[in-house]
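Please look over the sequence and the model before reading on.

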Amino acid sequence: MFETTIAGSLPKPSWLATPRMLWAPWQLDGDLLTEGKRDATLLALKIQADAGIDIVTDGEQSRQHFVHGFVEGIAGIDFDRRVRMGIRNNRYEAMVPTVTGKLRRKGSIHAAEALIARTHTAQRLKFTLPGPMTIVDTVADAHYGDRKSLAMAFAEVLNEEALELAAIGVDVIQFDEPAFNVYLDDVVEWGIAALHRAAQGLSCKTAVHICYGYGIAANIEWKGTLGIEWRQYEAIFPALAASRIDQISLECANSRVPTELLALLAGKDVLVGAIDVASEQVETPEEVAATLERALRFVPPERLFPCTNCGMAPLDRALAAQKLAALVAGAALLRGCVG
């Protein structure tokens with residue numbers, strides 16, 4: 001009960017990538033980069049194990065960015081044809097590659113890094129992939145012509161990858177969909193259908209991660225415009241509850257999400273974000289337990305999994321480790337009260 005996990009990413013060591021930033025440039029290249037990614041993955045597993053995390057990830061140590069780390073392995077995308085584009089409904093701009101032809105995998109994209117993680121931990125392993133809608137929102141399209149068609153094309157190649165990861169022994173495959181909090185009508189109209197196509201045929205647990213984004217300035221400023229209650233989840237939770245996805249991962253720590261909205265996810269495992277990745281303050285175990293306890297009013301204990309709000313890639317490494325320890329300690333507190 002109250003098994004802990006993380007949203008996905010952990011900070012990279014400074015010898016692998018520039019610390020405390022997204023899209024951090026690699027500090028190594030060639031064979032040294034390959035070796036460094038492997039070593040960083042083993043270190044990420046140990047950091048989680050030392051903290052007491054129950055369901056671990058590879059920390060996304062081999063990816064410069066959670067979307068582009070995947071799409072780099074897909075033919076039909078031209079990284080030399082980058083354009084500046086507003087993403088997440090123009091919340092911020094980024095230089096993104098362009099889809100110029102039919103999408104197909106060039107080969108396995110993440111299998112090697114998943115295998116490293118699977119080989120070096122006996123714990124349950126979660127592996128994260130970007131969701132179709134979020135990929136569509138992070139590339140430019142000069143081929144498919146509409147977002148739904150492009151999302152379905154990405155869902156097909158995601159499914160090929162996900163089936164391969166499951167065959168390696170990954171226990172949970174999570175699709176990251178921060179765009180679900182932005183394009184609410186599209187989620188219902190085609191976003192969940194694309195998610196189903198990406199997860200088609202998987203026998204392992206499936207999850208979707210939805211949040212208000214990394215703790216970067218553009219996201220923090222956007223949150224300031226959302227008012228005293230953040231009700232984006234209300235528009236999409238009923239459709240997610242009716243979906244074939246097993247687990248929903250979302251942001252609850254220091255958020256203005258009305259806790260009662262969690263009742264709309266009846267029948268799903270809920271990964272409750274109890275660690276604020278936008279704060280430099282380390283939560284106390286009591287604060288973590290309080291966040292989880294509020295969620296427990298609407299989520300059965302056997303379906304509640306303490307988690308982080310979002311990825312921790314931009315954080316200081318020591319801070320991230322302290323926050324993981326707080327998550328585990330807070331879950332233990334609640335377990336003692338409920339058990």
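## Basis of the description

The model is predicted, and local features need pLDDT of at least 70, side-chain atom pairs count only at pLDDT 80 or more, while totals for chains, interfaces and linings use all residues. Residues are numbered from 1 along each chain as its sequence is written, and side-chain values use heavy atoms, with hydrogens and water left out.

## The largest pocket

The largest pocket holds about 330 Å³ of space. On a 1 Å grid over the protein atoms alone, a pocket is an open set of points with protein on both sides within 12 Å along at least five of seven lines, a cavity is a set where a 1.4 Å probe fits but cannot get out, and lining residues have an atom within 4 Å of a point. A volume is the space filled by probe spheres set on the points, which are joined across faces, edges and corners.

Of the 17 residues lining this pocket, Lys37, Ser62, Ile109, His110 and Glu113 lie nearest its centre. Helices α1 (30-51) and α3 (111-119) each supply at least two residues of the lining, and α1 gives the largest share, four residues. Helices (H or I, at least four residues) and strands (E, at least two) are DSSP runs, numbered from the N terminus. By class, the lining has four nonpolar, eight polar and five charged residues, where Ala, Val, Leu, Ile, Met, Phe, Trp, Tyr, Cys and Pro count as nonpolar, Asp, Glu, Lys and Arg as charged, and the others, Gly among them, as polar.

## Enclosed cavities

The structure holds three cavities of 30 Å³ or more. About 170 Å³ of space lies in the largest cavity, and among the 18 residues that line the largest cavity, Lys12, Met21, Arg63, Gln64 and Ala313 are the closest to its centre. The lining of the largest cavity divides into 10 nonpolar, four polar and four charged residues.

The second largest cavity has about 40 Å³ of space, and its lining consists of Thr5, Ile55, Lys126, Val172, Gln247, Leu271 and Phe305.

Strands β2 (residues 74-87) and β3 (residues 92-105) pair in the antiparallel sense over nine bridges; two strands pair if DSSP finds at least two bridges between them. Arginine 84 stands opposite methionine 95 in β3, and in the hairpin, with four residues between the strands, arginine 88 takes a positive phi near 55°.

## Two buried residues

Threonine 4 lies in the segment before α1 and counts as buried at 1% relative accessibility. Leaving aside residues up to four places away in sequence, threonine 4 touches Gly52, Ile53, Asp54, Ile55, Pro306, Leu327, Val328 and Ala331.

Proline 132, in helix α4 (residues 132-136), is buried with a relative accessible area of 0%. Among the residues that proline 132 touches, not counting those up to four places away in sequence, are Ala151, Leu158, Glu177 and Ala198.

Key:
Buried < 20%, exposed > 50% of the residue type's maximum accessible area, 1.4 Å probe, protein only. Contact = heavy atoms within 4.5 Å.
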